[in-house]
Amino acid sequence: VRDLKLLHILDCTTDVTAIKFSPDGEVMAVASGNFVYLWQVNGWKPLARLKGHTGKVNSLDFSPDNLMIATGADDRTVRLWNASDGTPINTIKGHTNKVTQVAFSPGGQIIASTSLDQTVRLWGTDGSQLTSLRGYPAFSVVFSSGGEAFAVGYSDGAKLYRTSDLS
């Protein structure tokens with residue numbers, strides 16, 4: 001077993017519930033409590049604190065072009081933020097229970113969100129709802145690398161859907 005060299009420690013006051021590097025690897029986003037903290041990887045300089053959720057942040061994702069961050073939280077909202085300075089862009093409402101996961105499509109035009117309200121919702125970045133799937137509590141979602149499909153994790157398995165069915 002090899003020992004790993006510790007590069008840095010980021011102290012947080014509550015549990016870290018989501019963590020992700022930006023696509024270019026220059027920023028790390030850390031969700032802790034109701035906030036997301038942005039850190040510049042080179043030198044570990046704090047860049048911003050994303051403040052707006054009123055419940056624990058469960059998930060976050062960077063847009064493929066590094067311009068936005070999507071977050072989903074216990075307050076039943078999906079929020080979009082400017083990835084460079086943390087300013088809010090949009091608050092997307094529609095879920096009636098905790099948002100468990102958010103994910104950008106590879107093209108960055110679609111955001112998928114899963115929730116304990118038994119829905120998976122697909123949104124445009126302007127907050128418009130493109131479609132929803134109903135009937136089961138959903139816990140996770142991921143797009144294929146080419147964006148032609150997305151998969152949803154449910155309590156009893158995973159289901160795969162074609163994104164071309166959205167048009």
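**Questions about the fold**

Student: What does Asn-66 count as at 23% relative accessibility: buried, partly exposed or exposed?

Tutor: Check the cut-offs first: buried means under 20% relative accessible area, exposed means over 50%, and partly exposed is in between, using a 1.4 Å probe and protein chains only. Asn-66 has 23%, so it counts as partly exposed.

Student: Before we go on, what kind of model is this?

Tutor: Residues are numbered from 1 along each chain as its sequence is written, and side-chain values use heavy atoms, leaving out hydrogens and water. Local features need pLDDT of at least 70, side-chain atom pairs count only at pLDDT 80 or more, and totals for chains, interfaces and linings use all residues, as this is a predicted model.

Student: Back to Asn-66: what is its phi?

Tutor: Most residues other than glycine have a negative phi. Asn-66 is found in the loop between S5 and strand S6 (68–73). It isn't a glycine, yet its phi is positive, at about 70°.

Student: How many strands does the protein chain have?

Tutor: Helices (H or I, at least four residues) and strands (E, at least two) are DSSP runs, numbered from the N terminus. The protein chain has zero helices, and its strands number 15.

Student: What is the radius of gyration of the protein chain?

Tutor: That radius is taken over C-alpha atoms, and the globule rule is 2.2 Å times the number of residues to the power 0.38. For 167 residues the rule gives 15 Å, and the chain comes close to that, so it is as compact as a globular protein of that length, with a radius of gyration of 16 Å.

Student: How many bridges join strand S3 to strand S4?

Tutor: Two strands pair if DSSP finds at least two bridges between them. S3 (residues 35–40) and S4 (residues 45–50) run antiparallel, and the bridges joining them number five.

Student: Which residue in the turn of that hairpin has a positive phi of about 95°?

Tutor: S3 and S4 have four residues between them. Trp-44 is in that loop too, but its positive phi is about 55°. The residue with about 95° is Gly-43.

Student: Is Gly-86 buried or exposed?

Tutor: Gly-86 is found in the loop between strand S7 (77–82) and strand S8 (88–93). Its contacts, meaning heavy atoms within 4.5 Å, include Leu-38, Ala-48, Leu-50 and Trp-81, leaving aside neighbours within four places in sequence. Its relative accessibility is 8%, so Gly-86 counts as buried.

Student: How far apart are the C-alpha atoms of Val-141 and Val-152?

Tutor: Val-141 lies in strand S13. Beyond residues up to four places away in sequence, it touches several others, among them Phe-150, Ala-151 and Val-152. Val-141 and Val-152 are 11 residues apart along the chain, and their C-alpha atoms are separated by 4.5 Å.

Student: By class, how many nonpolar residues are in the lining of the largest pocket?

Tutor: Ala, Val, Leu, Ile, Met, Phe, Trp, Tyr, Cys and Pro count as nonpolar, Asp, Glu, Lys and Arg as charged, and the others, Gly among them, as polar. This lining has four polar and two charged residues, while the nonpolar ones number 12.
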